[in-house]
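Here is a short briefing for a first look at this structure. Keep the sequence and the 3D view open while you read.

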Amino acid sequence: MLYKTSLINRFKAATLNSKGSCWPSKYWQTYGSANYQQPTRQWSTVPFLTIPPRRTPGKPFAHRSELKHAKRIVVKLGSAVVTRGDECGLALGRLASIVEQVSVLQNQGREMMIVTSGAVAFGKQRLRHEILLSQSVRQALHSGQNQLKDMTVPVLEARACAAAGQSGLMALYEAMFTQYSICAAQILVTNLDFHDEQKRQNLSSTLYELLRMNIVPIINTNDAVVPPPEPNSDLQGMISVKDNDSLAARLAVEMRADMLIVLSDVEGLFDSPPGLDDAKLIDIFYPGDQQSITFGTKSRVGIGGMEAKVKAALWALQGGTSVVIASGTHPKVTGHVITDIVEGKKVGTFFSEVKPAGPTIEQQAEMARTDGRVMASLQPDQRAEMIHRLADLLTDNRDEILKANKRDMEKAVALGRLSQPLLKRLSLTTAKLNSLAIGLRQIAASAQNSVGRVIQRTRVAKGLDLEQITVPIGVLLVIFESRPDCLPQVSALAIASGNGLLLKGGKEASHSNRILHHLTQEALSLHGVKDAVHLVSTREEVEDLCRLDKLIDLIIPRGSSQLVRDIQKASKGIPVLGHSEGICHVYLDSDANIEKAIRIVRDSKCDYPAACNALETLLVHRDLLRTPFFDQIIDMLRVEQVKIHAGPKFASYLTFSPSEVKSLRLEYGDLECCIEVVDSVLDAIRHIHKYGSSHTDAIVTENEETAEYFLQHVDSACVFWNASTRFSDGYRFGLGAEVGISTARIHARGPVGLEGLLTTKWLLRGEGQAVSDFAEQGSMSYIHENQPVPNRT
């Protein structure tokens, strides 16, 4: 942290610039000039105490993703945020982090204002120190040192504490903002200041001028003179300044702020008091929903409470200012809560006037879990029947599907944002739909022996039998790009394995995904589990979905290596099943057959260069260099228009070589590949282990002993002999389809089909046994006898 020095040193750090002014230097010449003239301003003639005016363009942001466009932002810091746990003194670490975030946003060109608490707590700390010091001196003079431990601090009046703490609080803000070359200004107000029209306009004029000069206004209620709040004093269309929540709302509307961020000691607004076990954080709150929630007690400090915050937030929302209530004390989010909110991330409770047409992502996940559990309890032939129905619907509705896909293709071509490989992925054809239907029927056959299959049985003791059976994982989130055919494949696998499913497809395939999801739900309706599969069509960002660790059990990304890496990085507590990269190798051994080599290399690289199982590095035994064999391989690659990059060893053999590769650990995803020379099969294996991604690697050779050595020693998910790397696919493996290819070394590896979407649980059936029965002096002993596993038909 920047702020490890003492409080006094912090105050000394607040220095003036060379002109003796706290204004930024870029304003000095303008405002110091005799020719400077106050610009003419047009103020609203509507009194502030009437219904709050709308800001331009007149409405608050409807969605979180729009918050990144907020220009003018008010940040309200609750007492619990800036105050230490002992309620005596400030939480300097949190305050420093908040100042840093505000400074970052200010330096981005936004206009930041802070409504702060903390003067009372700071003053209480200072006055306690002074009283204890005074008492210790008096008692030392009159009573001796032995009575110092009995000193008590009298109850301190809040107004006196505010008067003693306000100057120090402001000096602390000045010291902290100075570290970022930002000047801050103090403004103290009371409720009476808003009743007087002239004072109200003076306040607005001052704030506008400070913002224009790139200065951060720090506003607080003048607690040294403010009268106690009057209950129920709000009039129609007004909100009186009873606390800093109402003050922040008033200022945000008066200043036409784009956003108000209210930081408290809770994560946001819950549907019931946060201390209760079943309390759920409300992601988006709409006007009128307050009747459905129960407010808890107020925070340990402050006078507002969540009910006051909601009231102030709704009033500000009515005035055209977007509002987010979030935690400023949670250790996991405190360091970036403000910037995360501005970036549109799913933090706290967002207030919106626009209700979505469908359920929220949280509601979709809950429905998927509920219907997924029902689906898992169905008979195997019932799950198979739904998959067969989906296969039939794909062929019966072929024209409608292709029509929707044509709309996606035309839009993608018009925008010109997708490469040719991605356009190929996006395209659906009659042949693709027929292949999909065949694959789904394979999955239906597998569904007969999936959920509830007994893996092992053990007789633990007499009358105590144990079984391990297969069960669904829970709720899956599958994120895929430009591949609408992925939707029915993954849906069928989820049905067969009894898992609830959330699907997040790319917007480039929105029309195709919509009709395919509709057909999937139609098939699920055969047995009343329509909501087991949901298409996430809300505006949630992928990063927000990855935070739903209480609703989602496994994330499966299907797309580019960059997508997979981004999701692995964003996932907060949810396991991710996928491969980070598809750096696949083909090794041409000295005993390779030339016809096989040409066919395998061409297919591995050129059949579908954007696929994760496409060849990226061709390893060539050194004995093949300068032979007709090698010349034919190079000629074939040139005919296929494959750009060749030379590895370091290969380049050393050539007088004039292709461009030397920048990295041997590179996935091209296009008609490009690297060629490198190795000395032996052992050298090839070492290269693969050093530069590969453990995805798919192949050897081309007629030497069976060499081939078996390669198959046994290469540590990749898929290892082939005399076969194209493109065979690494769930459909081609006979799995019907795949949810992805995993390069992980736990749970599932390689093409992940039905088995990879199952986990296990243990069932123990007894007759009243207790562990104490098996103690040293007990009457029973363990048998641990393996029992035959029944065949399931």
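Which residue in β14 does Phe 480 stand opposite? Phe 480 faces Arg 558 there. The model is predicted.

**The parallel sheet**

- Four strands make up an open sheet with parallel pairing, in the order β13-β12-β11-β14.
- Its edge strands are β13 and β14 (554–558), and each of them pairs on one side only.
- On average, neighbouring strands here are turned by 20 degrees against each other, direction ignored.
- β11 and β14 run parallel and are joined by five bridges.

**The antiparallel sheet**

- Another open sheet has four strands in the order β23-β10-β9-β24, and the pairing is antiparallel.
- β23 (758–765) and β24 (785–787) are the edge strands, each pairing on one side only.
- From one strand to the next, the twist averages 25 degrees.
- Strand β9 (residues 454–461) runs antiparallel to β24, and three bridges join them.
- Thr 458 has Asn 786 as its bridge partner in β24, and Arg 459 stands opposite Glu 785.
- β9 also pairs with strand β10 (residues 464–472), in the antiparallel sense and over six bridges.
- On that side, Gln 456 stands opposite Gln 468 in β10.
- β9 and β10 form a hairpin with two residues between the strands. In this hairpin, Gly 463 takes a positive phi near 80 degrees.
- In a regular strand, side chains alternate between the two faces of the sheet.

**A pair of packed helices**

- Two packed helices are described by the angle between their axes and the distance between the axes.
- The axes of helix α13 (residues 380–396) and helix α16 (residues 430–446) come within 9 Å and cross at roughly 175 degrees.
- An angle over 145 degrees counts as roughly antiparallel, so α13 is roughly antiparallel to α16.
- On the α13 side, the contact is made by Ala 384, Ile 387, His 388, Leu 390, Ala 391, Asp 392, Leu 394 and Thr 395.
- On the α16 side, the contact residues are Leu 433, Asn 434, Leu 436, Ala 437, Leu 440, Arg 441, Ile 443 and Ala 444.
- By class, this contact of α13 with α16 has eleven nonpolar, three polar and two charged residues.

**The largest pocket**

- The volume of the largest pocket is about 1600 Å³.
- This pocket is lined by 41 residues, and the closest to its centre are Glu 267, Leu 281, Glu 362, Leu 548 and Lys 550.
- β6 (284–285), β7 (322–327), α12 (361–376) and α19 (542–545) each supply at least two residues of the lining.
- α12 provides the largest share, four residues.
- The lining residues divide into 14 nonpolar, nine polar and 18 charged.

**The second largest pocket**

- The second largest pocket has a volume of about 1300 Å³.
- Its lining has 49 residues, and the closest to its centre are Phe 480, Lys 504, Gly 505, Gly 506 and Lys 507.
- α20 gives the most to the lining, with six residues.
- The lining of the second largest pocket divides into 16 nonpolar, 19 polar and 14 charged residues.

Terms used:
Residues are numbered from 1 along each chain as its sequence is written. This is a predicted model: local features need pLDDT of at least 70, side-chain atom pairs count only at pLDDT 80 or more; totals for chains, interfaces and linings use all residues. Side-chain values use heavy atoms; hydrogens and water are left out. On a 1 Å grid over the protein atoms alone, a cavity is a set of points where a 1.4 Å probe fits but cannot get out, and a pocket is an open set with protein on both sides within 12 Å along at least five of seven lines; lining residues have an atom within 4 Å of a point. Grid points are joined across faces, edges and corners, and a volume is the space filled by probe spheres set on the points. Ala, Val, Leu, Ile, Met, Phe, Trp, Tyr, Cys and Pro count as nonpolar, Asp, Glu, Lys and Arg as charged, and the others, Gly among them, as polar. Axes are lines fitted to C-alpha atoms, for helices over the stretch in contact, and angles run from 0 to 180 degrees between N-to-C directions. Angles under 35 degrees count as roughly parallel, over 145 as roughly antiparallel, 65 to 115 as roughly perpendicular and the rest as oblique. Contact means heavy atoms within 4.5 Å. Two strands pair if DSSP finds at least two bridges between them.
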